[in-house]
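I opened the model today to go through its strands and a few backbone angles. My notes follow.

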Amino acid sequence: MVELENVTKSYQVRTGRVDALRDVRVNINQGEFVVLRGPSGSGKTTLLMTIAAMLQPTSGSIRIEQNDLYAMSTRDRARFRARNIGFVFQMFHLVPYLNIVENVILASQTAGRINPSAQAGELLTQLGLAERASHKPAELSAGEKQRTAIARALFNRPKIILADEPTGNLDGENATSVFRHLSEFHRSGGTVIVATHGAAAEKFADKVINMREGSIESSA
């Protein structure tokens, strides 16, 4: 489903060139739960952003279901991302002056939907947030904010969810809850790719890819 061929991402700095990714080759099958694991600076977030169609690599190709992401126009790539990819950020990125229902549907593809607010409410109920539907982000705990972010990622019914350190700001109980919800999406047939430096996600994973200094160190 996801194919990366010789993907390199380089940045030019005063002292020369820095390679955030180095000739990365990865194949991820439909319906897999994949963990990208590595220390800070290993390249896992950069890799996730390139798969998310948010960061163009310096060289190489990234295909999702045979669609070459960076051969598309910027507009077509944005449409493809909106229809196929949900993203969960470590820092939540919720709009502070909107309630959580409004946050879930704000950037979603609502055209043709009947009562998207009600559909968002149903999703929030599944995530245990029904009583928080009218609350603003500042009124939520960190775990509730992250579950709201998961609801936002799920709302467009994507094929893939990408999560960048989704439990980095959470305690153990809330971290387990987040991975449980991602696992439920996975069991329904969705593909999940999580970038993390910890081991908590590994018990949910079909595949663990270890990264170091921009390269794939091992995959199992």
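For accessibility I used these classes: buried means under 20% relative accessible area, exposed means over 50%, and partly exposed lies in between (1.4 Å probe, protein chains only). The model is predicted, so local features need pLDDT of at least 70, side-chain atom pairs count only at pLDDT 80 or more, and totals for chains, interfaces and linings use all residues. Residues are numbered from 1 along each chain as its sequence is written, and side-chain values use heavy atoms, with hydrogens and water left out.

**Sheet.** I took helices (H or I, at least four residues) and strands (E, at least two) as DSSP runs, numbered from the N terminus. Two strands pair if DSSP finds at least two bridges between them. I then looked up the strand order. Four strands make an open sheet, E2-E1-E4-E5, with antiparallel pairing. Strand E2 (16-28) and strand E5 (67-68) are the edges, each pairing on one side only.

**E4 and E5.** How many bridges join E4 to E5? I found two, and the strands run antiparallel. E4 covers residues 59-64. Arg-63 has Asp-68 in E5 as its bridge partner.

**Positive phi.** I checked Asp-23 next. Its phi is near 50°, a positive value in a residue other than glycine. Asp-23 sits in strand E2.

I located Glu-65 in the loop between E4 and E5. Glu-65 has a relative accessible area of 30%, so I logged Glu-65 as partly exposed.
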